[in-house]
Amino acid sequence: MLSVQNLQCSYGDILALHDLSFEARAGEIFALIGANGAGKTTTIMALAGHLLPRSGSIHLGGDDVTSIGPRGRLARGVALVPEGRRVFADLSVEDNLTVGGHLQSLAELKANRDNVYTTFPRLAERRSQLAGSLSGGEQQMLAIGRAVMACPTVLLVDELSLGLMPKMVDECYRVIDTLKDQGLLIMLVEQSTQRALDVADQVVVMESGRSSWQGSGLEARQNPSIVGAYLGTIEGPEG
Ligand code: ATP
């Protein structure tokens with residue numbers, strides 16, 4: 001469903017992604033793991049269309065979307081839950097959701113908002129509250145809800161659990177699991193590698209802008225090098 005081939009991305013002269021390739025399918029959680037600066041956020045931004053690649057390609061459902069920007073990607077079903085949530089603090093919960101559905105008719109918008117409220121009863125209870133006054137976990141739910149408003153087929157999630165209380169982390173993962181069961185592809189960047197490996201169907205380990213290992217979630221969980229390097233016991237990953 002999502003095919004990335006030989007992707008190179010740069011910030012000015014700085015090459016952040018060197019030669020990244022992978023294929024991801026609908027209905028799976030695809031985790032990108034790696035050290036700080038490995039290129040995970042850059043990959044997410046490239047998939048969202050915020051960063052257009054220097055070379056390589058991105059195909060979605062067989063269509064080449066490589067040179068399409070964020071609005072076009074969103075229209076094709078790629079929605080982003082950005083690092084740090086980035087909710088609109090001065091808008092209500094409801095208005096934040098409305099922004100997420102801005103490409104839709106009023107009837108679609110209302111139906112999708114009702115769906116989000118069913119998935120996140122906490123947001124329904126707080127629909128008139130300013131987003132800036134929500135807790136971190138509630139803001140993360142709102143960021144996910146805002147992305148889901150676009151009825152995506154691909155959900156890009158950059159740092160799902162960063163800074164959240166354990167109970168809220170569990171709640172966010174419950175929702176991610178539900179969305180996966182509904183057939184969405186979830187591209188997950190997660191600082192808690194343990195948590196990412198627990199849920200991932202596929203894993204790419206990134207190092208210095210390259211993929212250093214790819215395999216199933218199960219293979220990753222059973223690979224002593226990955227477990228050692230990223231869950232903190234023994235030596236680094238190998239190809
Ligand atoms: P972290 O876990 O710390 O968020 P990451 O794996 O998400 O790291 P990226 O943020 O994608 O890594 O960064 C990849 C490389 O690109 C790094 O060397 C970083 O310094 C560089 N980089 C990221 N954003 C920019 C930018 N706006 N301008 C210049 N270089 C950047």
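This is a predicted model: local features need pLDDT of at least 70, side-chain atom pairs count only at pLDDT 80 or more; totals for chains, interfaces and linings use all residues.
The shell around the ligand, where a residue counts as near if one of its heavy atoms lies within 4 Å of the ligand, divides into four nonpolar, five polar and one charged residue; in that division Ala, Val, Leu, Ile, Met, Phe, Trp, Tyr, Cys and Pro count as nonpolar, Asp, Glu, Lys and Arg as charged, and the others, Gly among them, as polar. Residues are numbered from 1 along each chain as its sequence is written, and side-chain values use heavy atoms, with hydrogens and water left out.

The shell itself consists of Tyr 11, Ala 16, Ala 35, Asn 36, Gly 37, Ala 38, Gly 39, Lys 40, Thr 41 and Thr 42. Helix 1, residues 40-48, gives the most to this shell, with three residues; helices here are DSSP runs of H or I with at least four residues, strands are E runs of at least two, and both are numbered from the N terminus.

Turning to polar contacts, meaning pairs of N or O atoms within 3.5 Å, Lys 40 places a side-chain N or O atom 2.8 Å from an oxygen atom of the ligand, while for Thr 41 it is a polar backbone atom that lies 2.8 Å from a ligand oxygen. Asn 36 has a polar side-chain atom 3.3 Å from an oxygen atom of the ligand. Taken alone, the ligand exposes 640 Å², and the protein buries 60% of that, by the Shrake-Rupley method with a 1.4 Å probe.

Now the pockets, which are found on a 1 Å grid over the protein atoms alone, as open sets of points where a 1.4 Å probe fits, with protein on both sides within 12 Å along at least five of seven lines, and with lining residues having an atom within 4 Å of a point. Of its 19 lining residues, His 50, Leu 74, Ala 79, Leu 80 and Arg 146 are closest to the centre, and the lining comprises 13 nonpolar, three polar and three charged residues.

The second largest pocket, at about 220 Å³, has 17 lining residues, with Gly 34, Ala 35, Asn 36, Lys 40 and Glu 159 nearest its centre. Helix 1 gives the most to this lining, with three residues, and by class the lining has four nonpolar, eight polar and five charged residues.

How values were computed:
A polar contact is a pair of N or O atoms within 3.5 Å; within protein, one must be able to donate a hydrogen and the other to accept it, and residues adjacent in sequence count only if both atoms are side-chain atoms. Grid points are joined across faces, edges and corners, and a volume is the space filled by probe spheres set on the points.
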